[in-house]
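Please look at the contact between the two chains before anything else. My points follow, in numbered form.

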Amino acid sequence: MEYSRFLHILVFSALIVLSGSFVYGDQQEEIPMLSFEEFEHWLEKENDSVYVINFWATWCAPCVREIPAFEKLNEQYRDHKVKVLLVSLDFPNQLESRVIPFVERMEMKSRVILLNDPDANRWIPMVDDAWSGAIPATVIYSQNFYGFYEREFKFEELEEIVKPLTQ
Amino acid sequence: MKKTILALLIMFIGAGAFAQGYEVGDVATDFRLKNVDETYVSMADYPEAKGFIVIFSCNHCPYVVAYEDRMIELHNEFAPKGFPVIAINPNDPEVVPADSFEKMQERAEEKNFPFDYVIDEGQKIYPQYGATRTPHVYLLERVGEDLKVAYIGAIDDNYQDATKVNEKYVANAINALLAGERPERTFTRAIGCTIKTK
């Protein structure tokens, strides 16, 4: 790992510890709304972290059901270079009225973005060719692993995939 | 022996592909499903139809709600030309009470659906088609005695805003069929709600 990057993470970790509960507010105050091109780099990271990218929406019952599993993964594996990103596919005009209140109510600490790109036929296969477009859907990858899952997860099932990648 | 294994393998792969539902060109099954007006609907009830816009749909999914008016427009434009909409709710109402038959009746009345809105009781039909989400369109065309799949996918390329649509996938496909041509685009993907099962 690059030294500067390591330092960056170290400083960031220290900030998390120092600021405690404030980080939650700092992180989630703004949920960025991204086009697919702005989001795409999340699918192509080349470093020693494990990326867990979950596509969800507040109106999707199975997605909402599995959010705590992703939150727990984020919580327990944060120090093991696991990065959880929750990509909301809610309607952009419901960011303020639905998504932010939901994130606050669930006290979600994972990073959340809203993917605002209506031409889904164009970008769905760019996430994974096997994806029909149904949510929940999850991409898990690291330098040596890639998995795409169009299904709902329990924490243990996520851990079973992610844990070996951190060792 | 090797050949037997190979043959078995091919059979398994074939069965696997079949289980995933229809591809464009496949013959689609008819059905007999209960409509919101309490009658039973089959595609065979429409001998004059040139085809059908079969849409796996439901009440609760916001992506469906965003498309309801466009489903009505599709029916109003294309039913007179021989392609009526049939909306099928594939969800198990015990999993999603909002998608019960009674709630379907309410929604159909609220929106004054001009098309049949039927329930896939026992969830036997949607797996045969291979529908994975709502809304999920299967455009069927009549070829002799058969109904063949001509297009699978989304209604158009903008679920958020009907006024900003660039490509009307379903309308374009039907217009191509009506002109005696093959649809340019036969498969698209879209974000939708998973079909709910126990």
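1. In strand S9 (residues 192-194) of chain B, B:Cys193 is the bridge partner of A:Ile135. S5(A) and S9(B) pair in the parallel sense over two bridges; strands (E, at least two residues) and helices (H or I, at least four) are DSSP runs numbered from the N terminus, and pairing requires at least two DSSP bridges between two strands.

2. This is a predicted model: local features need pLDDT of at least 70, side-chain atom pairs count only at pLDDT 80 or more, and totals for chains, interfaces and linings use all residues. Residues are numbered from 1 along each chain as its sequence is written, and chains are lettered from A and ligands numbered from 1 in the order in which they are written.

3. Chain A and chain B each give 16 residues to the contact (C-beta atoms, placed from the backbone, within 7 Å). On the side of chain A, helix H6 (120-127) and strand S5 (134-135) are the elements that give two or more residues. H6(A) supplies the largest share, four residues.

4. A:Ile135 also belongs to the largest nonpolar core, of 92 residues, where A:Val52, A:Ile135, B:Ile53, B:Leu139 and B:Val170 touch the most other members. Such a core is a set of buried Ala, Val, Leu, Ile, Met, Phe, Trp, Tyr and Cys residues joined through C-beta atoms within 7 Å; buried means 20 or more other C-beta atoms within 10 Å of the residue's own, with C-beta atoms placed from the backbone.

5. Chain A has a mean pLDDT (the predictor's confidence in each residue, from 0 to 100) of 88, and 83% of its residues reach 70 or more. Over residues 14-28 of chain A the pLDDT is below 50.

Definitions and conventions. Two residues are in contact if their C-beta atoms, placed from the backbone, lie within 7 Å. A residue is buried if 20 or more other C-beta atoms lie within 10 Å of its own, exposed if 12 or fewer, and partly exposed in between; C-beta atoms are placed from the backbone.
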